[in-house]
Amino acid sequence: MSVEVRTVPADLPEVDVLLDAYLDEREATFPSAQGAYSRKRTPAAEFTPPNGVFAVAYDGGVAVGCGGLRRIPDDGDDVRFEVKHVFVTPAGRGKGVATALMDSLEREGAALGATAIVLDTNDSLVAAGAMYRSRGYERVAPFNDNPNATAWYRKPVSR
């Protein structure tokens, strides 16, 4: 695999391009039975250490995927970081890009002191849900009020 994942400032131009493509695709494929998709971007500042990071995957120098990790309020004993905006371009799919991004985000979360990594997704994203479950994420009760989400997951992190 020639994919390289780098942590970068979340306000880089290639991040804007990737996040616009992500939001466009989600809006176009959002299940109509669930209503309208709510286009909402997490502010770049939330992906700044020590409260978060943003990662971009490059294939031959071309940005083909991204994902962020941000600190959210603790839940009981857990120090929680939330995965946001994991996206792989059509050209990057099937090359292990999402796995490489998640590996990087989980490592960064552990380094920042997370005891749990959480995320939300929509059940219509079948491949994403399968990937998260295969990585040890377990479905949990909703921890936010994201109108686009139908599934919430948590994975314990060992430091």
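In the predicted model, strand 5 (residues 116-121) and strand 7 (residues 151-156) run antiparallel and are joined by six bridges. Within this pairing, Thr 121 has Ala 151 of strand 7 as its bridge partner. Strand 7 also pairs with strand 6 (residues 138-140), again in the antiparallel sense, over three bridges.

Helix 1 (residues 13-29) comprises 17 residues, and the distance from its first C-alpha to its last is 25 Å, close to the 24 Å expected at 1.5 Å a residue. The residues buried in helix 1 are Val 15, Leu 18, Leu 19, Tyr 22, Leu 23 and Arg 26. These residues lie on the same side of helix 1, because the arc they cover around the axis is only 130°. Strand 2 (52-59), strand 3 (62-71) and strand 4 (80-88) are among the elements that cover the buried residues of helix 1. On the other side of helix 1, by contrast, Pro 13, Val 17 and Ala 28 are exposed.

The buried residues of helix 2 are Val 97, Ala 100, Leu 101, Met 102, Ser 104, Leu 105, Glu 106, Gly 109 and Ala 110. Gly 113, which follows helix 2, has a positive phi, near 100°.

Definitions and conventions:
Residues numbered from 1 in each chain as written. Predicted model: local features only at pLDDT ≥ 70, side-chain atom pairs only at ≥ 80, totals over all residues. Heavy atoms only, no water. Buried < 20%, exposed > 50% of the residue type's maximum accessible area, 1.4 Å probe, protein only. Helix = DSSP H or I, 4+ residues; strand = E, 2+ residues; numbered from the N terminus. Expected span 1.5 Å × (residues − 1). Arc of directions from axis to C-beta. Contact = heavy atoms within 4.5 Å. Pairing = 2+ DSSP bridges.
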